[in-house]
Amino acid sequence: MTQSDRLIFGPGSRRPTNGLLASVLWLGGLVATLVAMAVGAVLAVFTAAAVAVIALFAAVLVFFAGLAMGARRKVTVRARRTDDVIEARKVDGAWVAYGWERPGR
């Protein structure tokens, strides 16, 4: 086994690179990193805006659901009152309603 067949790790294992090419590649890596960071920041802003819009719609939905439940309770309570109910009977082919007369009117 010769020296070129072995894997050598350590300071002597790196190949010498061209100084100009290495600096151009390093600068290209830096630009690619900055572009990736900018795209990530823009995507993070869009994601935060989407979460805020979803939270706003959820809050409006919960608000309207609360209003509907409150209205349902009021209607149910009002329907259970017996003094709001009148009675009607058919007398000689005509309907006659009872329960209109309330004291205090």
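The pLDDT is the predictor's confidence in each residue, on a scale from 0 to 100. For the protein chain examined here, a predicted model, the average pLDDT is 80, and 67% of the residues score at least 70. Among the secondary-structure elements, confidence is highest in helix 1, at 90, and lowest in strand 2 (residues 94-98), at a mean of 82. Where pLDDT is low, the predicted coordinates should not be read in detail. Because the model is predicted, local features were required to have a pLDDT of at least 70 and side-chain atom pairs were counted only at pLDDT 80 or more, whereas totals for chains, interfaces and linings use all residues. Residues are numbered from 1 along each chain as its sequence is written, and side-chain values rest on heavy atoms, with hydrogens and water left out.

Secondary structure was assigned from DSSP runs, numbered from the N terminus, with helices (H or I) of at least four residues and strands (E) of at least two. The protein chain contains one helix and two strands, arranged in the order α-β-β from the N terminus on.

Accessible areas were computed by the Shrake-Rupley method with a 1.4 Å probe, and for residues only the protein chains shown count as cover. The protein chain exposes about 10000 Å², of which carbon and sulfur atoms supply 70%. Residues were classed by relative accessible area as buried (under 20%), exposed (over 50%) or partly exposed (in between), with a 1.4 Å probe and protein chains only. Of the 105 residues of the protein chain, 0% count as buried.

A nonpolar surface patch has about 1100 Å² of accessible area together, and its members include Trp26, Leu34, Met37, Leu43 and Phe46. Patches comprise residues with over 30% relative accessible area and no salt bridge; nonpolar side chains (Val, Leu, Ile, Met, Phe, Trp, Tyr) are joined within 5 Å and like charges within 9 Å. Leu43 lies in helix 1 (residues 19-80) and is exposed, with a relative accessible area of 52%.

Ile86 is located in the loop between helix 1 and strand 1 (87-91) and is partly exposed, at 40% relative accessibility. The C-alpha atoms of Ile86 and Tyr98 are 5.9 Å apart, although these residues are separated by twelve residues in sequence.

A salt bridge was defined as a side-chain nitrogen of Lys or Arg within 4 Å of a carboxyl oxygen of Asp or Glu. By this rule, one salt bridge was counted. It joins Arg89 to Glu87, with the closest N and O atoms 2.6 Å apart. Arg89 is partly exposed, at a relative accessible area of 48%, and Glu87 is likewise partly exposed, at 37%.
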